[in-house]
Amino acid sequence: MEDIFCVVTFEITQHALIFEKYLKDNNLYVKLMPVPRQLSTSCGIAAYVNCDEKDSISALCKDKSIIIGEFHELKTNKKNLWFMKHLKSKT
């Protein structure tokens with residue numbers, strides 16, 4: 001069985017911190033985490049978000065001019081358990 005996680009990447013750390021603040025202020029779930037290197041090498045911080053809130057998050061970012069890199073949907077399975085263990089320990 002696979003689990004799907006959504007991760008947002010950023011160009012710089014400041015954008016990640018602003019993103020986290022606005023999501024928390026709007027009662028949307030967010031956890032900052034180290035960015036998986038297979039996704040990006042730009043900034044060391046990514047944000048773990050609920051996949052079902054992607055539209056709300058995108059609308060908020062557009063409305064507030066919050067700069068994000070990309071949304072990524074990651075599937076975890078037995079081959080990459082390190083990622084799933086990291087996310088579950090943060091939730």
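Tyr48 is buried, with a relative accessible area of 9%, where buried means under 20% relative accessible area, exposed over 50% and partly exposed in between, computed with a 1.4 Å probe on protein chains only. This is a predicted model, in which local features need pLDDT of at least 70 and side-chain atom pairs count only at pLDDT 80 or more, while totals for chains, interfaces and linings use all residues. Residues are numbered from 1 along each chain as its sequence is written, and side-chain values use heavy atoms, with hydrogens and water left out. Helices (H or I, at least four residues) and strands (E, at least two) are DSSP runs, numbered from the N terminus.

**Strand E3 and its partners**

- Strand E3, which spans residues 45–49, is mostly covered, since 4 of its 5 residues are buried.
- Strand E1 (residues 3–9) pairs with E3 in the antiparallel sense over 4 bridges, and two strands are said to pair if DSSP finds at least two bridges between them.
- Within E3, Ala47 is the residue that stands opposite Val8.
- Strand E2 (residues 30–34) also pairs with E3 in the antiparallel sense, here over 5 bridges, and Tyr48 in E3 is the bridge partner of Lys31.
- In a regular strand the side chains alternate between the two faces of the sheet.

**Aromatic pairs and a charge over a ring**

- A search of the whole structure finds 3 aromatic pairs, the rule being that rings of Phe, Tyr and Trp (its six-membered ring) pair if their centres lie within 6.5 Å, with planes under 30 degrees apart counted as stacked, over 60 as edge-to-face and the rest as tilted.
- Tyr29 and Tyr48 form an edge-to-face pair, with 5.9 Å from centre to centre and 90 degrees between the planes.
- This pair links distant parts of the chain, as Tyr29 is in the loop between H1 and E2 and Tyr48 is in strand E3, 19 residues apart.
- Tyr29 counts as partly exposed, at 25% relative accessibility, whereas Tyr48 is buried.
- Ring pairs join Phe5, Tyr29 and Tyr48 into a cluster.
- Lys21 lies over the face of Tyr22, at 5.8 Å from the ring centre; a charge sits over a ring if NZ of Lys or CZ of Arg is within 6 Å of the ring centre and within 35 degrees of the ring normal.

**Nonpolar cores**

- The largest nonpolar core has 15 residues, and those with the most contacts inside it are Val8, Phe19, Leu23, Val49 and Ile57; such a core is a set of buried Ala, Val, Leu, Ile, Met, Phe, Trp, Tyr and Cys residues joined through side-chain atoms within 4.5 Å.
- The elements that give two or more residues to this core are E1, helix H1 (13–25), E3 and helix H2 (54–64).
- Apart from this core lies another, of 7 residues, among them Val7, Met33, Val35 and Leu74.
- Leu23 is in contact (heavy atoms within 4.5 Å) with Leu28, Tyr29, Val30, Val49, Ile57 and Leu60, leaving aside its neighbours within four places in sequence.

- Leu32, which lies in strand E2, is partly exposed, with a relative accessible area of 21%.
- The C-alpha atoms of Leu32 and Ala47 are separated by 4.4 Å, although the two residues are 15 residues apart along the chain.
- Not counting residues up to four places away in sequence, Leu32 touches Ala16, Leu17, Glu20, Ile45, Ala46 and Ala47.
- Glu20, placed in helix H1, counts as buried at 19% relative accessibility, and beyond its neighbours within four places in sequence Glu20 is in contact with Val30 and Leu32.

- Ile57, Leu60 and Cys61 are buried in H2.
- Seen down the axis of H2, its buried residues fall within an arc of 95 degrees, so they line one face of the helix, the arc being that of the directions from the helix axis to the C-beta atoms.
- Asp55, Lys62 and Asp63, on the other side of H2, are exposed.

**Positive phi outside glycine**

- Asn27, in the loop between H1 and E2, has a positive phi of about 55 degrees although it is not a glycine, and Asn27 counts as exposed at 70% relative accessibility.
- Ser65 is not a glycine either, yet has a positive phi of about 55 degrees, and Ser65 is exposed, with a relative accessible area of 60%.
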